[in-house]
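Take a look at the sequence and the fold first, and then we will walk through a few spots together.

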Amino acid sequence: MIFCNLFGEQMKTVDNNSNATRSNKILFPIHSQIKQILSEHSKYNIISLPDKEYHFDSAIGSKNVDIALVDEDGALKGAVMFKAIRSEYNKNANNYYENMKGESSLFIDNNIPVYQIIFIPTQVHHKNNKGQKIFEIPTQKSYDNYYNFCLNHSNYWNKLKLGVYYFDFNYDTYEVSYSNKTIPNVESTLTEGLINFALEVENG
């Protein structure tokens, strides 16, 4: 449950300091844990902040990669992109979904497997325009987008692995657990998903 604990700590940090979201340093503990798991299960080198950022360049575009699997020559063999919802979600939910597909296309068009990970609380805690703390429930439509994509996507998207994880939060204690709200074909834990992705990258 290491990712549950890390996500809880991340949310606690944001609640105590709203400016924390302006720095990507808040993501470093989760990135480091992803790197550690991949390093234990992949023959490739794993590159990630806070140690180093990998920049992917191609004839059709370029992108910084959150966690990169690279060979001994530095060529990208697999990409992991990570997002975590920490505040308002519904008004941007469709953008998250469409951007995920657009971002993935760059890797797919270069024949590189990509693992898109997104953490979504089943209740999103944030402040309204009056500064009051409120809870927002992610819409059914946002869930359906990921659900239907995993079941019905075309062959073009076969190199995209989707890791959409819903989490139940206790905002008093910041205890976090994987939710029973799941997406088809997504592993029950991120650790399992990362191990499978490492194998998928090696097997082509």
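Let's begin with the cysteines: the sulfur of Cys 4 has its closest cysteine sulfur in Cys 150, 19 Å away, which is too far for a bond. Please keep in mind that this is a predicted model.

**Cysteines**
- A disulfide would need the two sulfur atoms within 2.5 Å, and a search of the whole structure finds zero disulfides.
- Cys 4 counts as buried because its relative accessibility is 1%.
- Cys 150 counts as buried too, at 12% relative accessibility.

**The largest nonpolar core**
- This core has 67 residues, and those that touch the most other members are Phe 3, Ile 34, Leu 76, Phe 119 and Tyr 146.
- The element that gives the most to this core is strand β9 (residues 160-170), which supplies seven residues.
- Leaving out residues up to four places away in sequence, Phe 119 touches Phe 3, Phe 7, Ile 30, Phe 82, Lys 83, Ala 84, Ile 85, Tyr 165, Phe 167 and Leu 190.

**A buried glutamine**
- Gln 10 sits in helix α1, which covers residues 2-16.
- Is Gln 10 buried or exposed? Its relative accessibility is 3%, so Gln 10 counts as buried, the cut-off being under 20%.
- Around Gln 10, again leaving out residues up to four places away in sequence, the contacts are Ile 26, Leu 27, Ile 30, Ala 84 and Arg 86.

**Helix α4**
- Helix α4 (residues 140-152) has 13 residues, and its first and last C-alpha atoms are 17 Å apart, close to the 18 Å expected at 1.5 Å a residue.
- The buried residues of α4 are Ser 142, Tyr 143, Asn 145, Tyr 146, Phe 149 and Cys 150.
- Why do the buried residues of α4 line one face of the helix? Viewed down the axis of α4, they fall within an arc of 155°, so they share one face.
- On the face turned away from that buried side, α4 carries the exposed residues Lys 141 and Asn 152.
- The cover over the buried residues of α4 includes α3 (93-108), β6 (114-121) and β9.

Terms used. Residues are numbered from 1 along each chain as its sequence is written. This is a predicted model: local features need pLDDT of at least 70, side-chain atom pairs count only at pLDDT 80 or more; totals for chains, interfaces and linings use all residues. Side-chain values use heavy atoms; hydrogens and water are left out. A nonpolar core is a set of buried Ala, Val, Leu, Ile, Met, Phe, Trp, Tyr and Cys residues joined through side-chain atoms within 4.5 Å. Buried means under 20% relative accessible area, exposed over 50%, partly exposed in between (1.4 Å probe, protein chains only). Helices (H or I, at least four residues) and strands (E, at least two) are DSSP runs, numbered from the N terminus. Contact means heavy atoms within 4.5 Å. The expected span of a helix is 1.5 Å times one less than its number of residues. The arc is that of the directions from the helix axis to the C-beta atoms.
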